[in-house]
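Please look over the structure below before reading the notes. They are written for a first course on proteins.

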Protein chains: 2
Amino acid sequence: MTSIEDVAKSLGVSTATVSRALRGLPGVSPSTRSRVEQEAQHLGYVPSSAAAGLASGRTMALGVLLPQIERWYFSAVLEGVDRRLRAAGYDLVLFSLGGSGVNRGRVFHRSILRKRIDGLLVLCLELTDSERSSLLELESPTMVVGGAVEGVRHVGIDDGAAARDAVEHLIGLGHTRIGHLRGGGSFGIDFQVPRIRETAYRRTMADHGLVIHPEWEVFGDFRFKEGLAGALQMLADPGNRPTAVFCSSDEMAFGVLRAAVELGIDVPGELSVIGIDDHEFSDPMGLTTIRQSPVEQGDFAAGILLDELRGQPAADVIPVQPHQLIVRGSTGPVPR
Amino acid sequence: MTSIEDVAKSLGVSTATVSRALRGLPGVSPSTRSRVEQEAQHLGYVPSSAAAGLASGRTMALGVLLPQIERWYFSAVLEGVDRRLRAAGYDLVLFSLGGSGVNRGRVFHRSILRKRIDGLLVLCLELTDSERSSLLELESPTMVVGGAVEGVRHVGIDDGAAARDAVEHLIGLGHTRIGHLRGGGSFGIDFQVPRIRETAYRRTMADHGLVIHPEWEVFGDFRFKEGLAGALQMLADPGNRPTAVFCSSDEMAFGVLRAAVELGIDVPGELSVIGIDDHEFSDPMGLTTIRQSPVEQGDFAAGILLDELRGQPAADVIPVQPHQLIVRGSTGPVPR
DNA sequence: GTGAAAGCGCTAACAG
DNA sequence: CTGTTAGCGCTTTCAC
């Protein structure tokens, strides 16, 4: 492997000059710089991140810790983080819990603390107390995306307002019999978010003087399959079913749409459905939803961390991310 | 930060002994080893991967290069790779092209070659010649998952056989008017796979003496939205439409199912639909499909790379990954 | 079974 | 503007 010394020797300059020239630091004459760049290119020199990291204390990499990759929200945030990091010349080290708790302790202890990263983004994780304190003890800057963790800065939408907007959209259409498909916290995934949304649903209903039927509130684990099962249950009785369903995620809403097809219920004629997310499939499915943009959230959160690593004062207050009602064909006036 | 020297001093042993003890190397007395382990734990010592990497030449990290994260197949493979790596104590460095070609050159040149990783997994990428040669020049072991790249070892299913099995399932049900929704190679994503599947479709049709209607072969880019658009077009004419559609991916098949709902076509009464993948949504959607398991593929590919890094002879022939017909409700006998 | 010492390839003062 | 000189914190011979 060709090293910085090869480049230096071949040019008759010092390694310090090569280092400075290649990193764009000041104090190098333009002509030297271009000679260095050319020679480095010519020799196929690529700096060793290990050596650079050891010497400088900066690894030029950020870590992302998430409960699972294969899930729309998480992979979208990851995409946004990666985009931002890539543009800044940073690498992204991934830590997934893989949908289970296996090796969870090792992830926290071994990998993350292994000084491989300059900062850490944590996505929607439900942390144990000891994990939370490991996190707080981390000397590197940290940020949470998607589900607040006490004591750590947080990027995300206003879940309460998002849920309220969804329910009020239904109420605005005249619905009074409104069910709710709840998200969940399986496998260590954060359960603040579904809880906040559920609370907002209840409060909004109450604020409008509407009654909640306990059998219309069903658990769907944020997912299609569980959402479908929940919806089949909620909509089983034609004589006593809601005219609208608010789902804490679009995937569950797809489950409701599917259930409607299976049960022969017309959407939106007999049933209105609204979700939260604006999942990739929501547009082609014609699903009304509250849009959030996880890609932007990831990009934004990574940007803050990068700014701090570049010496900017730590952002204390992080603006709430936007959400927006997107009306499509799955919601309509209450049937009479 | 506490270093290996802190541990050594506090115990009155050499750093070499600490290093050996903690890495489980032979030549350390059991009692010394346990004292070291205890003290390391006590002091909260975590080795620096940069220092270890610099000294040993091994980074204990593998890279994954993919066109995009936010897509079922890719995120599932990633999950599998991560699972395997995590279990082996390796870290995973992620390189996504983010669905576009931006910064593509930099990814190849800068990050990947930056000696941050001991090996590289490449997913379904359509590489330029120069990228391919960069890859072949990489001194570290490399493996391709999901779409073959000439000259690089490859993990994946037999796409031709998978497509044939799908089409023959339809033929077995009596269908003769069979359309095809083609995948695509947008944004540098591999286009071998969709091409192989399409070729197998044509050949299977021909082998059974069946005619292909050009207007029944439509591009769907592997996706729901495009699949829906393609299906609406393919199924537009009630007097002249296929009775079955073979889709190169489940997501496109969802598009066909959606189109059927929109057009009032009964599935499987009037139209049979089959995909490839066994996407997470396929079971709840009742979609007949050819199952492949990207999680297993990622796990398997990572395992081979890890074995080689541990000194096992390079695997030259890599077994083809299995696929399997999963019959659900979206296919049925041809209507008469 | 253990220690001493020489790097790994870079960066970061400090001189000049 | 450029060079010299110490390390960064480990691993790895080679002795003992």
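The notes below go through the interface, the sheet, the salt bridges, the backbone and one database record.

This is a predicted model. In it, 60 residues of chain A are in contact with 59 residues of chain B. Ten strands, drawn from chain A and chain B, form an open sheet.

**The interface between chain A and chain B**

- About 5400 Å² is buried between chain A and chain B, and 55% of this area is on carbon and sulfur atoms.
- Across this interface, 25 residue pairs are in polar contact.
- On the chain A side, the elements that give two or more residues are helices H4 (49-56), H5 (72-87), H6 (104-112), H10 (224-234), H11 (250-263) and H12 (282-285), together with strand S2 (91-96).
- H5(A) gives the largest share of that side, with eight residues.
- By residue type, the side of chain A that touches chain B consists of 28 nonpolar, 14 polar and 18 charged residues.

**The sheet**

- The order of the strands is S5(A)-S4(A)-S3(A)-S1(A)-S2(A)-S2(B)-S1(B)-S3(B)-S4(B)-S5(B), and the pairing is mixed.
- Which strands stand at the edges of the sheet? They are S5 (154-155) of chain A and S5 (154-155) of chain B; each has a single partner strand, so one side of each is left without a neighbour in the sheet.
- Strands of a sheet pair through backbone hydrogen bonds, in either a parallel or an antiparallel way.
- S2(A) and strand S2 (residues 91-96) of chain B run antiparallel and are joined by three bridges.
- Within that pair of strands, A:Leu94 stands opposite B:Leu92 in S2(B).
- In chain A, strand S4 (residues 142-145) pairs with S5(A) in the parallel sense, over two bridges.
- Here A:Val145 is the residue opposite A:Val155 in S5(A).

**Salt bridges**

- Over all chains, the whole structure has 46 salt bridges.
- How many salt bridges are there between chain A and chain B? The count is four.
- A:Asp283 forms a salt bridge with B:Lys225, and the closest N and O atoms of this pair are 2.6 Å apart.
- A:Asp283 also forms a salt bridge with A:Arg328, with the closest N and O atoms 3.8 Å apart.
- Why does the pair of A:Arg328 and A:Asp283 tie together parts that are 45 residues apart in sequence? A:Arg328 lies in the segment after strand S11 (324-326) of chain A while A:Asp283 is in helix H12 of chain A, so the pair links these two parts.

**Backbone details**

- Most peptide bonds are trans, and most residues other than glycine have a negative phi.
- The bond between A:Val267 and A:Pro268 is a cis peptide bond, with omega about 5°.
- A:Pro268 is in the loop between H11 and strand S9 (272-277) of chain A.
- In chain B, a cis peptide bond with omega of about 5° joins B:Val267 and B:Pro268.
- B:Pro268 is placed in the loop between helix H11 (250-263) and strand S9 (272-277) of chain B.
- B:Cys124 is not a glycine, yet its phi is positive, at about 45°.
- The loop that holds B:Cys124 runs between strand S3 (119-123) and helix H7 (129-137) of chain B.

**A database record**

- An unreviewed UniProt entry places the feature "domain: HTH lacI-type" at residues 2-56 of chain A.
- In the model, the span of residues 2-56 of chain A is 71% helix and 0% strand, and its end C-alpha atoms lie 20 Å apart.

Methods. Residues are numbered from 1 along each chain as its sequence is written. Chains are lettered from A and ligands numbered from 1 in the order in which they are written. This is a predicted model: local features need pLDDT of at least 70, side-chain atom pairs count only at pLDDT 80 or more; totals for chains, interfaces and linings use all residues. Side-chain values use heavy atoms; hydrogens and water are left out. Contact means heavy atoms within 4.5 Å. Buried area is the accessible area (1.4 Å probe) that two parts lose on being put together, summed over both. A salt bridge is a side-chain nitrogen of Lys or Arg within 4 Å of a carboxyl oxygen of Asp or Glu. A polar contact is a pair of N or O atoms within 3.5 Å; within protein, one must be able to donate a hydrogen and the other to accept it, and residues adjacent in sequence count only if both atoms are side-chain atoms. Helices (H or I, at least four residues) and strands (E, at least two) are DSSP runs, numbered from the N terminus. Ala, Val, Leu, Ile, Met, Phe, Trp, Tyr, Cys and Pro count as nonpolar, Asp, Glu, Lys and Arg as charged, and the others, Gly among them, as polar. Two strands pair if DSSP finds at least two bridges between them. UniProt positions are given in the numbering used here, feature names are shortened, and annotations may be inferred rather than shown by experiment.
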